[in-house]
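Me: I'm new to this structure and would like a close look at one part of it. Could you take me through a buried spot and then the enclosed spaces?

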Amino acid sequence: MSRVYNFSAGPAVLPEEVLREAADEMLDYRGTGMSVMEMSHRSKAFEEIITEAEQDLRDLMGIPDNYRVLFLQGGASQQFAMIPMNLMKNRVADYIITGQWAKKAAKEAEKYGKVNRIASSEDRTFSYIPDCSDLPVSEDADYVYICENNTIYGTKYQQLPNTKGKILVSDISSCFLSEPVDVTRYGMLYGGAQKNIGPAGVVIAIIREDLITEDVLPGTPTMLTYKTHADAKSLYNTPPAYGIYICGKVFKWLKAQGGLAAMKERNEKKAKVLYDFLDESRLFCGTVVPKDRSLMNVPFVTGDADLDAKFVKEAKAAGLENLKGHRSVGGMRASIYNAMPYEGVAALVDFMKKFEEENR
């Protein structure tokens, strides 16, 4: 069977070259006589895998030496608790609510301290990013928290908030490595790997060194303390070894593509094809304010739930998979991450044109 174009929001499409390389090494990783799935995380072979993966990520993102890279588990959702446990020294934090994940993060943080929701776009179903140039940032806030790219709603911060000197913490799960980023503007940025980097099961956190301390909230478990993982170089316990190995291959693939500036250019080109069609279509329409549109997740609707369902069904039959929108929004959503080729987006637009002609 030939491969489909997979528009899933996560777990999501991976570069075919990476999958083929992993397949070639499945039974025997570089002469070890075993799969990476089978090897000890304390072995020399795996130590090289994780060390190289970290270095390649540092190269790609220009991560300064005073930031630590941690390969963690528990999904991005576990960070909703881990962040306040480690960073909420005054037990106060400011959250900007631009979707379900920021909402959930804020709710979880309330278990540990006072959460101020200083801006929100919930009034218009999270279809835009609020103006963050002059927010009522709390004087005693330990950090300001954002979800930078909203997978469900298809919005993206084009400018980072003015945090008025406070640490910025950002969930970058669905825009990780999609464009260049200035790491020094954040105290911490993190993301689940299963959208744009690798398989589910790995979370990558990039944290400024001075924020990694033993001074955490009372009762914080050893496993949920950043210092535990930083001191052990992400090998305190058995890490998601095979997932990290695939992430490492994706980092090498990204370098071979020309790095993050080249990826941004490619991603803009892909997104433009789809957004241009949505803007001129008389059947389909996008759901996001144009200036806040994501390059990674593109939600759209026909305005008729039955027609939406028909579209998803017929698209699947045409080899365009996972276009159904998130259950909380409905409609359709095309996630067009780094590994989605231009041809996949072009095929989607061609199919949409045909569907429009037949169903308008």
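Reply: Let's start with Ser 234, which counts as buried at 4% relative accessibility; buried means under 20% relative accessible area, exposed over 50%, and partly exposed in between, using a 1.4 Å probe and protein chains only. Keep in mind that this is a predicted model, where local features need pLDDT of at least 70 and side-chain atom pairs count only at pLDDT 80 or more, while totals for chains, interfaces and linings use all residues. Residues are numbered from 1 along each chain as its sequence is written, and side-chain values use heavy atoms, with hydrogens and water left out.

Where does Ser 234 sit? You'll find Ser 234 in the loop between helix H5 (226–231) and helix H6 (241–257). Helices (H or I, at least four residues) and strands (E, at least two) are DSSP runs, numbered from the N terminus. Setting aside neighbours within four places in sequence, Ser 234 touches Ile 50, Val 69, Leu 70, Phe 71, His 229 and Pro 239, where contact means heavy atoms within 4.5 Å. Leu 295, on the other hand, is 61 residues apart from Ser 234 along the chain, and their C-alpha atoms are separated by 31 Å.

Another serine to look at is Ser 281, in the loop between helix H7 (259–280) and strand S11 (285–286). Ser 281 is buried too, with a relative accessible area of 13%. A polar atom of the Ser 281 side chain lies 2.8 Å from the backbone nitrogen of Phe 284.

Grid points are joined across faces, edges and corners, and a volume is the space filled by probe spheres set on the points.

The largest cavity holds about 50 Å³. Its lining includes Ile 152, Thr 287, Phe 300, His 326 and Arg 333. Strand S12 (297–301) and strand S14 (332–335) each give two or more residues to that lining, and S12 gives the most, with three.

The second largest cavity, at about 40 Å³, has Val 13, Leu 14, Trp 253 and Asn 338 among its lining residues.

Terms used
A polar contact is a pair of N or O atoms within 3.5 Å; within protein, one must be able to donate a hydrogen and the other to accept it, and residues adjacent in sequence count only if both atoms are side-chain atoms. On a 1 Å grid over the protein atoms alone, a cavity is a set of points where a 1.4 Å probe fits but cannot get out, and a pocket is an open set with protein on both sides within 12 Å along at least five of seven lines; lining residues have an atom within 4 Å of a point.
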